Amino acid sequence: MKKIFLLLGIFLSANLFADNVKTNLKSATVFFSGAELTHTATVALKTGENTITLEGLSSDIDLNSLKINVSNSVVVAASEFSTDFLVEKTETDLVKKLQDSIDFCNAEIAAVKTSIDVNTAAYQLLKKSIETNFSIVEKGKTTVEITQNLDYFNEKANYYEKAIYNYKKKQEDLNKALNRLNLQLSQEKNKNGTKSGILKLSLVAPMTVNAIVTITYYTSAAGWTPYYDMNIASVDKPVILQRRSKVRQTTGLDWNKVNLTLSTAQPSRGKDAPLFSTWFLNYVTDFYDNRKMQNAAVQNTISYEESKSLQERVPGAAPKIRVRGATSVYRGNAPLFVVNGIIVEDAMDIDADVLATGDAESMLSRAIPGLSPDDIKSITVLKDASANSIYGSRAVNGVIVITTKQMDDYILTEEKQISEEYKIDLPYTIPGNGKEQIIDLKKDNLQATYKYYCAPKLDENVYLIAEFTDWEKLNLLSGQANVTYDGTFVGQTYLNTQSAQNTLNVTLGTDKRVTVKREKMMDYSSVKTLSNDIEVNLTYKITVKNNQNKPIFMVLKDQYPISQQKDIKVEFLKKATTEPTVNKEETGVITWESNLSAGASKEYRLAYSVRYPKGRKINL
């Protein structure tokens with residue numbers, strides 16, 4: 001037994017107190033399903049063979065994807081990946097506060113339960129006492145004494161019942177609070193796993209040197225989903241489409257200020273192209289085929305137009321900041337500083353001539369408190385009349401106009417052979433609790449045409465629909481879109497970018513200012529009994545009225561039946577029907593399209609006849 005404890009102690013000390021090297025997570029490339037993580041670590045090596053242990057990796061990795069690179073000509077002689085289950089989990093301040101609150105709630109619940117028990121017991125004792133008093137009425141109790149006992153019982157009974165009710169209500173509230181605290185605590189505790197990946201390396205160094213070890217691997221415990229915010233201010237303005245993403249990860253690590261890239265690649269899917277095998281025909285027994293249908297995997301790709309500010313990040317490109325008109329601001333005079341349209345009152349004096357010849361970004365960041373050089377997108381110097389016309393007499397010494405970067409300016413799109421990548425030039429923190437983190441990507445301005453649509457046989461509500469053409473040029477991904485129209489959230493729609501349609505339609509909601517009414521015209525409808533058949537003639541009138549103060553484009557659809565039986569005959573009465581714009585005879589759907597001026601109304605008619613055998617019923 002002593003030997004067992006001794007061996008266990010040696011094992012624990014070797015793992016918990018060894019001088020291991022902690023890796024730093026530098027970047028993460030997130031796919032729709034999975035992610036590629038890159039860690040770095042600096043190690044001090046002596047000449048010859050060195051054994052080091054790197055920790056802080058995810059325990060959920062694909063070993064086939066593990067790549068190790070060491071600088072300064074250091075050779076990786078051997079590597080071994082394993083999982084460390086002895087990771088000591090550090091409680092955060094929030095976890096400690098939550099635990100304290102849970103302990104307090106449990107103590108309060110216990111105290112309340114005691115109060116309920118005490119008051120319930122007192123109430124039961126009171127009832128027993130009054131019953132005993134009533135049982136001895138025949139032994140000399142007077143009416144006055146009985147009345148006094150009843151009054152005393154009522155007073156005390158009301159007190160105990162009210163106290164029990166209040167305590168039970170408090171107990172219920174405490175239990176609800178305790179449940180919320182436990183859920184929050186469970187979420188916080190799941191942010192980091194209780195195990196970690198460790199990598200043992202055997203490195204051969206040609207000399208004593210400090211080397212940088214880079215580890216890259218794939219993990220399935222992450223992913224991202226595209227979605228959109230579609231904002232339509234009015235039908236005469238462009239539609240603003242904000243591309244967004246939901247990023248999640250449960251790798252057991254918190255990604256703290258990593259360089260984040262979102263990729264449309266799908267590395268977890270098989271790479272083998274399908275091949276045909278011989279198809280043999282044979283006799284089979286008739287049965288229902290219940291095989292599950294599988295959706296074809298479609299590679300989603302996106303392409304953005306790169307903005308100038310992003311193109312200028314490429315090494316060797318021209319400087320991204322241009323200072324125009326600097327010579328008009330004279331040495332020794334303090335110009336007016338304007339950042340994103342806001343005048344900066346506490347800016348330090350700066351020489352505009354020096355600004356034009358030096359590092360403009362760094363100079364301005366020193367002149368304006370809180371302004372980072374990396375956040376500056378453009379600098380423009382206004383002079384004389386152009387400055388005075390905008391900013392008045394305060395612009396006598398010129399105006400330095402500074403524009404800072406927006407989210408679009410931090411997104412660099414790189415097109416790969418089979419995918420697209422969004423490189424985000426901002427450090428991001430993604431907790432490892434699996435909760436989705438919202439990241440904005442880019443805004444697009446779309447031109448749309450609008451139409452009003454109604455199919456009154458199914459629904460007499462009139463829907464406003466935005467129709468987008470040339471949408472495929474944006475290379476959008478399929479995803480949910482939150483639609484806001486005229487400042488009001490109208491709901492969600494799904495942008496199916498895999499559609500083969502020439503237009504992309506988005507329903508914006510119903511509009512009560514356009515009304516549609518469908519009614520049967522009794523004078524033109526009849527049922528006739530023939531020798532062997534029954535003939536039904538039906539005529540419907542559809543009235544559309546535009547109650548708006550502007551013209552609209554209206555699309556109206558209706559339907560006549562199609563027969564699948566040779567003894568059921570359907571005739572579309574073309575002469576009695578308002579001529580449709582489109583008549584799809586294979587489905588029986590007709591479409592009327594027309595422009596309706598403000599306040600105008602229009603009538604349409606649909607007529608058809610059906611003949612079927614007498615004594616039979618049909619779904620007419």
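1. Let's start with the second largest pocket, whose volume comes to about 510 Å³. A pocket here is an open set of points on a 1 Å grid over the protein atoms alone, where a 1.4 Å probe fits, with protein on both sides within 12 Å along at least five of seven lines; lining residues have an atom within 4 Å of a point. Keep in mind that this is a predicted model: local features need pLDDT of at least 70, side-chain atom pairs count only at pLDDT 80 or more, and totals for chains, interfaces and linings use all residues. Residues are numbered from 1 along each chain as its sequence is written, and side-chain values use heavy atoms, without hydrogens and water.

2. Who lines that pocket? There are 23 residues, with Pro 561, Ile 568, Ile 618, Asn 619 and Leu 620 nearest its centre. Strand 31 gives the largest share, three residues. (Strands are DSSP runs of E, at least two residues, numbered from the N terminus.)

3. Now the largest nonpolar core, which has 85 residues; Leu 54, Trp 255, Phe 468 and Met 554 touch the most other members. Its largest share, six residues, comes from strand 26. Such a core is a set of buried Ala, Val, Leu, Ile, Met, Phe, Trp, Tyr and Cys residues joined through side-chain atoms within 4.5 Å, buried being under 20% relative accessible area with a 1.4 Å probe, protein chains only.

4. A second, separate core has 11 residues, including Val 95 and Leu 185.

5. Finally, an open, mixed sheet has four strands in the order 13-12-15-14. Strands pair if DSSP finds at least two bridges between them. Strand 12 and strand 13 run antiparallel, joined by two bridges.

Key:
Grid points are joined across faces, edges and corners, and a volume is the space filled by probe spheres set on the points. Buried means under 20% relative accessible area, exposed over 50%, partly exposed in between (1.4 Å probe, protein chains only).
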